[in-house]
Amino acid sequence: MFHYHYVTQQQLAGFDNYKYSAVDTNPLSVYVMQHLWNKLVKVVPLWVAPNLLTFSGFLLILMNYLLLSFYDWDYMASGNSSQHVPNWVWTVSGLATFSAYALDSIDGKHARRTQSSSPLGELFDHGLDSWATSIFSLSFFSVFGLCKARAVSAYTLYCILCIVLVTFVLSHWEKYNTGVLFLPWGYDFSQVTMTAVYLLTAVLGVEVWYQPVAFGYFFTDILIAVAIGKCPKGHRDGTLQRSSLYEGLLPLLSPCLLFALLTTWALSSPSDVLAQHPRTFLWMTGVAFSNVSCRLIICQMTNTRSEALHWLLLPLAVMVGAILSGLLANGEFLGLLAFSTLVTLAHLHYGLCVGKQLSDHLNIYIFSLDKKHQQ
């Protein structure tokens with residue numbers, strides 16, 4: 001059946017009692033960007049549903065990814081001897097990135113402005129954020145691309161992506177344990193930085209990143225350092241909600257196993273699949289991570305116990321086992337395509353079903369401020 005009830009009755013009851021709690025201490029956000037968003041949100045018509053703003057921002061992110069994929073499928077277009085991405089594409093990327101950032105920043109304000117805040121809206125926002133986190137990164141990789149001279153390989157991109165994804169999941173794991181979402185400082189800084197880098201690349205070209213930026217370090221070296229530095233730090237402000245260390249660490253089991261299996265696949269690949277097909281492998285990594293994260297987000301919002309193992313780990317383990325045993329030595333890329341397709345379709349199905357289930361339970365529409373008629 002197309003419609004499946006992924007959200008349990010216990011979780012639905014948890015959504016009924018949910019109260020949003022978040023702390024933002026980022027000085028860029030608090031002292032600069034919030035003033036801009038408070039003015040910008042007043043431009044949005046009151047009949048526009050907040051989720052429509054959220055979804056529009058995600059579509060801009062996806063459009064930017066598809067545009068850069070067309071001109072730079074293998075991440076080689078920024079190389080010294082390659083045909084570069086047209087400068088106008090970088091301009092579009094900069095504008096799309098900042099516009100998506102703005103829409104993601106004002107959707108909650110608009111929800112409060114229209115008195116339409118709901119658990120569905122927050123889940124919709126954070127769920128799309130979990131997917132957008134990887135798409136942002138995969139798009140930004142095209143700026144510097146793969147280059148031996150700058151020691152940038154597909155494995156470098158994979159490591160950067162993993163660091164970014166871990167940052168996201170740790171924020172929601174922290175809320176799972178404390179009940180408070182401590183917003184990462186890295187989000188606002190990364191959005192402003194990506195916008196600036198895209199626009200600078202449009203003006204000066206990708207050649208500007210060929211030379212060391214400072215003290216002999218290339219742009220990619222600085223990017224890795226910033227990615228590591230923006231990982232969320234521990235907070236003592238929240239009260240722990242889990243009864244034991246095991247319960248508190250349980251949500252991290254599936255993400256850790258996911259990254260372990262994917263890394264084993266990449267390092268043990270007989271055809272060096274990550275280097276040969278970086279965009280497909282990285283896309284699959286991002287989508288699988290997003291699905292695992294969405295389930296954690298639901299558990300932390302409903303104060304319910306996290307599942308121990310995600311079902312996608314089983315086919316992934318079978319895939320990795322087949323690669324290690326040599327069964328997929330001649331068909332590894334087809335296996336990658338098949339698993340990437342499975343993960344993407346499963347994630348889309350999950351999102352559609354959860355959205356419909358919560359929409360029916362809360363008696364609201366996803367993209368309209370109208371209430372559903374009671375049966």
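Modeller: With the word contact: two residues are in contact when heavy atoms lie within 4.5 Å. Keep in mind that this is a predicted model.

Colleague: Which residues does leucine 282 touch, leaving out those up to four places away in sequence?

Modeller: Leucine 282 touches Tyr75, Leu138, Phe141, Leu157, Tyr158, Leu161 and Leu274.

Colleague: How should I read a nonpolar core?

Modeller: In soluble globular proteins, nonpolar side chains tend to be buried together. Here the largest nonpolar core has 83 residues, and Phe141, Trp265, Phe281 and Leu282 touch the most other members. Helix 12 gives the most to this core, 14 residues. Another core, of eleven residues, lies apart from it and includes Val44, Leu53, Tyr101 and Ile106.

Colleague: And helix packing?

Modeller: Two packed helices are described by the angle between their axes and the distance between the axes. For helix 6 (residues 154-178) and helix 12 (residues 278-302), the axes come within 10 Å and cross at roughly 5°. Helix 6 is therefore roughly parallel to helix 12. The residues of this contact comprise 16 nonpolar, five polar and one charged.

Colleague: How many disulfides does a search of the whole structure find?

Modeller: A disulfide is a covalent bond between the sulfur atoms of two cysteines. The search finds zero.

Technical notes. Residues numbered from 1 in each chain as written. Predicted model: local features only at pLDDT ≥ 70, side-chain atom pairs only at ≥ 80, totals over all residues. Heavy atoms only, no water. Disulfide = S-S within 2.5 Å. Axes fitted to C-alpha atoms, helices over the stretch in contact; angles between N-to-C directions. Helix = DSSP H or I, 4+ residues; strand = E, 2+ residues; numbered from the N terminus. Parallel < 35°, antiparallel > 145°, perpendicular 65-115°, else oblique. Nonpolar A, V, L, I, M, F, W, Y, C, P; charged D, E, K, R; others polar. Core = buried A, V, L, I, M, F, W, Y, C linked by side-chain atoms within 4.5 Å. Buried < 20%, exposed > 50% of the residue type's maximum accessible area, 1.4 Å probe, protein only.
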